[in-house]
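My notes follow in the order I checked things.

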Amino acid sequence: MRALATWSGAIAGLLLIVAGGLIPAFLALPGSEGWSLRPLGITLQVPALLLTALVAGPRSALLAAVGYLSVGLFQLPVFQQGGGIGYLVDPGFGYLAGFIPAAWITGRLARQRGMDDPLALTAAAGVGLLVLQLCGLLNLLIGALAGRWGASLVPLMVGYGLAILPQALLCCAAGVLAWVLRRVLLVPS
């Protein structure tokens, strides 16, 4: 039964991550003419990964992350700029590779005692987001040391690093949504 739950969570997570990569994130803000949607410049891909980890646990989230990377590296255009093995030498690949440890760590944290409130789940999602960012920055630094990016390390770090701000907002939404889903799906805390 546990294997069925793991695989069904992984498949649902993979579909959620792929769909999240297709949906741009917006923030509703009040304006002079009422509420309007402002684009955040990112997709819902990372929050989908974190939501999978918070609800389905570490094994399912890890399988979903590995599945997502496998699908993208084998020519299916699920990444931001398409797909293919060429992504292995892209500056942003470290962030994609960071999906794996982020999924596992977030899922493990979500299974700890006391993870039955939205704030704790949001904090676990925040830790996963930090892990993902650290993996991406590590890839950028290693690429710079190898001379892969030339003199453009700082602009790359700033460009990729600024994505953490809107994603941190979406971690809050993922934590609240995970809290609701865990109650509805009867996920043990």
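**Entry 1: Thr106.** I looked up the contacts of Thr106, where contact means heavy atoms within 4.5 Å. Leaving out residues up to four places away in sequence, Thr106 touches Leu50, Ala53, Leu54, Ala124, Ala125 and Gly128. Thr106 sits in helix α5, residues 99–110. Helices here are DSSP runs (H or I, at least four residues), strands are E runs of at least two, and both are numbered from the N terminus. I found Thr106 buried, at a relative accessible area of 0%. Buried is under 20% relative accessible area, exposed is over 50%, and partly exposed is in between, with a 1.4 Å probe and protein chains only.

**Entry 2: ground rules.** I noted that this is a predicted model, in which local features need pLDDT of at least 70 and side-chain atom pairs count only at pLDDT 80 or more, while totals for chains, interfaces and linings use all residues. Residues are numbered from 1 along each chain as its sequence is written, and side-chain values use heavy atoms, with hydrogens and water left out.

**Entry 3: helix α3.** I checked its length next. Helix α3 covers residues 58–73, 16 residues in total, and reaches 22 Å from first C-alpha to last, close to the 22 Å expected at 1.5 Å a residue. The expected span is 1.5 Å times one less than the number of residues. Its buried residues include Pro58, Ser60, Gly67 and Leu73. After α3 comes Gln75, with a positive phi near 75°.

**Entry 4: Ser60.** Ser60 lies in α3. I read its relative accessible area as 2%, so Ser60 is buried. Beyond residues up to four places away in sequence, Ser60 touches Ala5, Thr6, Gly9 and Ala10.

Entry 5: How do α2 and α3 lie relative to each other? Helix α2 (residues 45–56) packs on α3 at about 150°, axes 8 Å apart. They are therefore roughly antiparallel. Axes are lines fitted to C-alpha atoms, for helices over the stretch in contact, and angles run from 0 to 180 degrees between N-to-C directions. Under 35 degrees is roughly parallel, over 145 roughly antiparallel, 65 to 115 roughly perpendicular, and the rest oblique. Gln45, Leu49, Thr52, Ala53 and Ala56 of α2 meet Ser60, Ala61, Ala64, Ala65 and Tyr68 of α3.

I then turned to α5. α3 and α5 pack at about 165°, again with axes 8 Å apart. This pair is also roughly antiparallel.

**Entry 6: helix α8.** The 21 residues of α8 should span 30 Å at 1.5 Å a residue, and I found its end C-alpha atoms 29 Å apart, which agrees. Among its buried residues are Pro166, Cys171, Ala178 and Arg182. Their cover includes β1 (24–31), β2 (34–43), α2, α5 and α6. Leu186 follows α8 with a positive phi near 60°.

**Entry 7: α6 on α8.** The axes of α6 (residues 118–145) and α8 (residues 164–184) come within 8 Å and cross at roughly 140°. That makes α6 oblique to α8.
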